[in-house]
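Dear colleague,

I am handing over the structure we spoke about, and below it you will find my notes on what was found. Please read them with the structure open beside you.

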Amino acid sequence: MAPNTVVVTVEKPMNSVLGVTGMDSSLFMEKEKAVSPRQLTWFLLLKVQRTLACLSWLTMASKTMFVAAKKRIALSDLTDEESKGRGKLYRFIKAFLALSIVALVIEIVAHFKKWNLNLIQPWEVQGLVEWTYMAWLSFRVDYIAPLVIMLSRFCTVLFLIQSLDRLVLCFGCFWIKYKKLKPTIEPDAYDIEDPSSFPKVLVQIPMCNEREVYAQSIAAVCQLDWPKDRILIQVLDDSSDREVQLLIKEEVSSWNQKGVNIVYRHRLIRTGYKAGNLKSAMSCDYVKDYEFVAIFDADFQPNSDFLKQTIPHFKGKPDVGLVQARWSFVNKDENLLTRLQNINLCFHFEVEQQVNGVFLNFFGFNGTAGVWRIKALEESGGWLERTTVEDMDIAVRAHLNGWKFVFLNDVKVLCELPESYEAYKKQQHRWHSGPMQLFRLCLPSIITSKISMWKKANLIFLFFLLRKLILPFYSFTLFCIILPLTMFIPEAELPLWVICYVPIFMSLLNILPAPKSFPFLVPYLLFENTMSVTKFNAMVSGLFQLGSAYEWVVTKKTGRSSESDLLALAERESKTSNEEKIFRRYSESGLELLSKLKEVQEVKIEVPSKKKKTNKLYKKELALAFLLLTASARSLLSAHGLHFYFLLFQGLSFLVMGLDLIGEQIS
């Protein structure tokens, strides 16, 4: 039989056996598996359609980002301190960025020319550039890589310790939920029919130029359900704006005329910021007649039953010095920035504060929405002006004096979150520089105090070092410095579980107290790493007592909480009586206010003109964005996979923050 023949044997009409022999038999098998031309056409069209859709989305996104960046650069204020990029950290990031760009160019040339370490013999090296590259590779392996590996391992250990601490806190929260552990009060703590059995409570509202929120805050506090002769409200106004002072005075006067026991206080010499304001108020002679003091910042609106839910926890417990309520946010769904803040603060209250309150009877006072036993304040030294975190300062000193704290997760007080990145950035700077100032000042007192060794270890290693110092240090160093550095030093490459698996798992734990935020898991992870540069800078400034550690900027408010305040008011009162009360109140105060404003104009008080508000550029974030994007380009050459995607999206998140495209947008 010829070598290239086909033999076909037919046994039955319905059952055929095909025998194939010869060299071309494989062609028949391929023909059986081949798809039809129509299927191939549809497959190719689908691929083209998906490619075009992806390219269209990338084009539109790039165009939007470019237009936004162009507007930001055109409208940026170059005289602003932040835009000047002052500080050693910014200069370090710029130098690191310049070196990474040079290294990327060299790596691209080496990639396309296919230079590698196999060229060991000197006569095989062609040209000065190739010789320099080979010398750099040798120097990198022998000297730089070991240092980077050692630093990355150190930061990884810190990362794992902090993750373990977070995991233990979560287990503690689950245990509280499982056992239904809650602070208890004595039944019938106070006789409702006998107002004289209620303790006397002082309520303080410290504020400074709070034009947007002063009215609803004062209104909410004035409607607290407590015997009128057993409560006194102090409005502690530190405003420098004369017009705002008149507005707050008029608001206090209108409530005073309605029978509310409320007074207005204004300091002529404003020293010590909020701590100085509270200290001045506590020095009044009539304070000695009161047993408790409740504190509310200007944007907080407690429910009318707040005092009846908190004060009973002091009854029969003479060692309880503080009862802290939880915050609730009226604008948590306003924009992406407020949604991400809500995740952080929900974890802070429901996990950190609740677990520490139940198992340790200690946590950091939040500065507002809490009730203090005045005796505890006095025995702990009162309000001090030595740091920008006076609330944490008094809490630590009270803990060292043996006072216990109670956290009420079920009692919530409405407030609002910063809606602009500028306001949030300044708030976080104060919240992370202040604890480091306080740690330097309190360390000798903690060591020499009479509390147990376990409480001393908790204060030093967990409360201060691990959660206030180590967290911003490793977060910035590991994910913003070491990770991009390893792209140019592949010998020190970080494993995937460090940059991906463990962070995602810890982010999942953080989101558990706010389950509706699960769709924001990846943005939250990127956001936390992006904020690490601000927290690290603040931590360093507080630890080494730099100038920015003592900056105090009042967090900007928008007054959105007034919307919920009106809704709550409408639920308690009928529509007719509510409208009558509001119209009468504003008509009376408006006439008096108009006359006072005219007097101010006659005296010709010069009020400084307000600077036009615009979104800003943040050069530290922009420099880190380009650094991470450069590292992602380098990782693309080496086909690092997840390393590339992490660096790419982390770089884009830094770019969004640097261009101030997150949060409130000002035209």
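Trp-497 is partly exposed, with a relative accessible area of 36%, where buried stands for under 20% relative accessible area, exposed for over 50%, and partly exposed for what lies in between (1.4 Å probe, protein chains only). Before going further, please note that this is a predicted model, in which local features need pLDDT of at least 70 and side-chain atom pairs count only at pLDDT 80 or more, while totals for chains, interfaces and linings use all residues. Residues are numbered from 1 along each chain as its sequence is written, and side-chain values use heavy atoms, with hydrogens and water left out.

Trp-497 sits in helix α15, helices (H or I, at least four residues) and strands (E, at least two) being DSSP runs numbered from the N terminus. Together with Leu-160, Leu-496, Tyr-501, Leu-642, Tyr-645, Phe-649 and Leu-652, Trp-497 makes a nonpolar surface patch of about 730 Å². Such patches are made of residues with over 30% relative accessible area and no salt bridge, with like charges joined within 9 Å and nonpolar side chains (Val, Leu, Ile, Met, Phe, Trp, Tyr) within 5 Å; a salt bridge is a side-chain nitrogen of Lys or Arg within 4 Å of a carboxyl oxygen of Asp or Glu. The elements that give two or more residues to this patch are α15 (496-511) and α20 (642-658), and the largest share, four residues, comes from α20.

Ser-239, in the loop between β4 (231-237) and α7 (242-257), is buried, with a relative accessible area of 1%. The side chain of Ser-239 reaches the backbone nitrogen of Asn-209 at 2.8 Å, and, not counting residues up to four places away in sequence, Ser-239 touches several residues, among them Met-207, Cys-208 and His-266, contact meaning heavy atoms within 4.5 Å. Asn-277, in helix α8 (residues 273-282), is also buried, with a relative accessible area of 5%, and, leaving aside neighbours within four places in sequence, Asn-277 is in contact with Pro-206, Met-207, Leu-236, Asp-238 and Arg-267.

For the chain as a whole, there are 20 helices and nine strands, and buried residues make up 49% of the 667 residues. Residues 24 or more positions apart account for 80% of the contacts with a separation of 6 or more.

With kind regards

How values were computed:
Accessible areas come from the Shrake-Rupley method with a 1.4 Å probe; for residues, only the protein chains shown count as cover. A polar contact is a pair of N or O atoms within 3.5 Å; within protein, one must be able to donate a hydrogen and the other to accept it, and residues adjacent in sequence count only if both atoms are side-chain atoms.
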